[in-house]
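Open the model in your viewer and get ready to pick out strands and the turns that link them. We will step from one selection to the next.

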Amino acid sequence: MRMLRLLPLVVVVLLQFACSSIDCPVDNVVEVNYMVKAFDGDNEVADTLKDTLNIWSRRFDGTDTLLYNSGTGVKSFSLPMSYTEPEDVLVFKVTDTLHVTQTDTVWVSKENIAHFESVDCPTRYFHQLTAVRSTHVRIDTIIINNPSVTYDSSVKHLHIHFKD
Amino acid sequence: MTRQSSICTYISRISISLLLLLASVSTQAQGFLKLQRDTVPFFRGFAVSADLVGLVQMQVSDYGQYEGALRINLHDQYFPVLELGVGRANHDYDEVTDLSYKTSAPYFRIGADVNIAKNKHAHNRIYAGVRYGYTNYKVDIDCLPFEDPVWKTNSYFRIDGQQCSQHWAEVLFGIDAEIAGPLHLGWMVRYRTRLAHDEGIIGNTWYVPGYGKQDTSNLGFSFNFILDI
């Protein structure tokens, strides 16, 4: 009889086992976040790129693909990174209001770290930024603010300064 | 996913509240940790047991464990317990993610149970207990080649023998019923929580020997075949 009194507890416990579910992170995009900045004396302050920005990736096989399309009034933007390449090559094209386009190339070097969550979740790659360099037609400088690229979309990884 | 998580959280809270309520009622009724004074000797022997749930899991799924336990009987009230086992997972290439996962390692749990039944010396017992568990294990993860959607290169991912470890704690509730002579059967519900863990560079592990799958449920269940000696 005493055992029967425990029956509701047993039912609740069994319901618990039905609750086990796949636990993949919902926010599972790995992107590098760029902030447009300007110097005010020695301090970096937020800035806005008034011209139009397009960004292409340059693939290993020589082809390219558009990553960022016709951004205007850009204060920040996010770009994907290659899974396993040691260095990503990006082409920045800035077009002003007179339709004059200037092109820069950016090289982002990184270490790639495979990240496993569960057999139910696809593998992602996290990255550790090691160096950034660029041509200086329109880009003044790019600074690594935080080198760790993960699921955390709030991190500002790179500060990019454009020439006026 | 969000709605399911909240339902699970809600059910978890109900279950844990019920367990605490049962413990509380028993405590008030008879003095939870007070040694009953009678003529029964303090040392009452020991019991060995085997977990059947892990055994069945091992046969019907790609993970599970072989586990045995030694339980010392002190006055039919206190039961120091040592649980030893070997946990294994062999998840072959997943149909969706193309990932395989392998591990096999021993583990142990140590702790104690208290018989919270009113009549301590009856043939059937109701247990509340705690455990500390530890395992040191190696993981092999392999993934079939997959294409980078932007850069169109093929990526390949393989980890061999990643050294991992985990400490965890369990609060449990269970029942032990005499079937015939020294043969008992019993079940236990375990609420588990990780205390510390090290998975190296890989991020997370999927199955941890002795702890189980790292999913949204913190509950475990064991069904024991017990010889009370």
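Start by selecting β5(B) and β6(B), which form a hairpin with six residues between them. In that turn, look at B:Lys152, whose phi is positive at about 60°. This is a predicted model, in which local features need pLDDT of at least 70, side-chain atom pairs count only at pLDDT 80 or more, and totals for chains, interfaces and linings use all residues. Residues are numbered from 1 along each chain as its sequence is written, while chains are lettered from A and ligands numbered from 1 in the order in which they are written.

Now show residues 125–147 and 154–180 of chain B: these are β5 and β6, running antiparallel and joined by 20 bridges. (Strands are DSSP runs of E, at least two residues, numbered from the N terminus; two of them pair if DSSP finds at least two bridges between them.) To see one such contact, pick B:Arg125, whose bridge partner in β6(B) is B:Asp176.

The hairpin of β6(B) and β7(B) has two residues between the strands, and B:Gly181 in the turn has a positive phi of about 55°.

Finally, move to chain A, where six strands make an open antiparallel sheet in the order β4-β3-β6-β7-β8-β10. Its edges are β4 (64–71) and β10 (148–149); each has a single partner strand, so one side of each is left without a neighbour in the sheet. Zoom in on β10(A) and β8 (residues 124–134) of chain A, an antiparallel pair with two bridges. There, A:His127 stands opposite A:Val149 in β10(A).

Technical notes: Helices (H or I, at least four residues) and strands (E, at least two) are DSSP runs, numbered from the N terminus.
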